[in-house]
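Dear colleague,

Please find the structure below.

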Amino acid sequence: MRNHLTIGFSMFFSVLIIIIGCSVKTSGIDPSPEKMSEFSSHLETLQARYDLTESLKTTKMMVTIQEADRDPEELRELLWYKKSEDGELLHIQALGGFNETKGVAIANRNQFLLVMLDEQKGYLGELSDGVLRKIFGIDLRVSDVLSAIFANPFLDGRTEKLKITGSRQKFTVTRPGVEAGHTETITLLVENDEPRVTEWRINDKEGRLQQSVAFSNYREVDGILRPHKVEIERPIEKTRVVVKMGQVQLNIKIEDSRFDIEPFLTEDMEIIPLSELAETDVSE
C-alpha cells in the first residue's frame, strides 16, 4: 500500500504542477506607476515563457517524496505535455527499478486518469481543486501548485492588491491568498533582465507557514529560461516533494494519441470514478 500511494501521489503531484490554463492580467497593481512599469515588464516575460511553450517532453525526471518518520521514496518518470486548441494534455509514466511502467497518469483536457498497473486499479474523473484531498487525504489545492513547473505564481491572474518592495535585481511581492486571511510572498530575482521566481510562500492568518515552493537550477532550453528543480514543502502534513527535470525538450511534435485514456480502461483494470470517492478513501 505504501509503494502504491507513493507512485500515485508523485505522479498526481507532477500532473498538478504542469497543467496551466490561465493568463496574467497586469491591471489592478497597487504600487506607484514607476514600480508598476518596472515589475509589469517582468510579469510579461514570465507569461511569454509559458506562451512560447507549446509542448514539453522529458525522459529524465526524478520525483522524491519525504514524509514524516519515513525514508524518502524516489521514482523516475517520463513526461509528455502538449497544448491543444481546446485544452492541455499531459501523460506521465512512473518507472520501476528495471524501467518497467508502474503507473500512468493522463490529463486529457478536463479528464484525469491515474492507474497503478501492479494493483490493476485506477481512478477516473474530473480534475478539480478537491481531488488531492479526495484521493490522498492531504489539504492541498490543485490551484496552489498549478504554476510550479513554469515558476510563475501569477498565471492564475491574481495581480490585484499587490505590494511590491525592492527593485532592479530583487523584488518581494505580497498579495492576499486564496483562503481568507492567508498571505502569499513571492521572491523574484533578475539577472541580465531575465526574471527568476525563486520562492513562493503561503502563510495563514496566524503567520504559520502552510506551503513553500522553491525554484532553482534555471537553465535555457531552446531559448526559454526555466527551472529544472522544484521543491515543495507542506509543514502541516510534514511532506516535502522534490522534482528534478533533465533532458527537457520543448516544442517538439507529440501525437494526440499519446494522451488517450481508453487504452487503460481494460476489463482487467478496476476503475473507480472519482465522483464516488469519499475523502481519504485511498489513503486509509
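Two strands pair if DSSP finds at least two bridges between them; strands (E, at least two residues) and helices (H or I, at least four) are DSSP runs, numbered from the N terminus. The model is predicted, so local features need pLDDT of at least 70 and side-chain atom pairs count only at pLDDT 80 or more, while totals for chains, interfaces and linings use all residues. Residues are numbered from 1 along each chain as its sequence is written, and side-chain values use heavy atoms, with hydrogens and water left out.

Strand β2 (residues 73-84) pairs with β3 in the antiparallel sense over 9 bridges, and a hairpin of 2 residues joins them. Ser84 has Gly87 in β3 as its bridge partner. On to β4 (residues 101-108), β3 pairs over 7 bridges, again in the antiparallel sense; here Ile92 stands opposite Ala105. Strand β3 (residues 87-95) is largely enclosed by the rest of the structure, because 8 of its 9 residues are buried (under 20% relative accessible area, 1.4 Å probe, protein chains only).

Thr187, in strand β9 (residues 183-191), counts as buried because its relative accessibility is 13%. Leaving aside residues up to four places away in sequence, Thr187 touches Lys170, Phe171, Arg196, Val197, Thr198 and Glu199 (contact means heavy atoms within 4.5 Å).

Yours sincerely

Notes. Buried means under 20% relative accessible area, exposed over 50%, partly exposed in between (1.4 Å probe, protein chains only).
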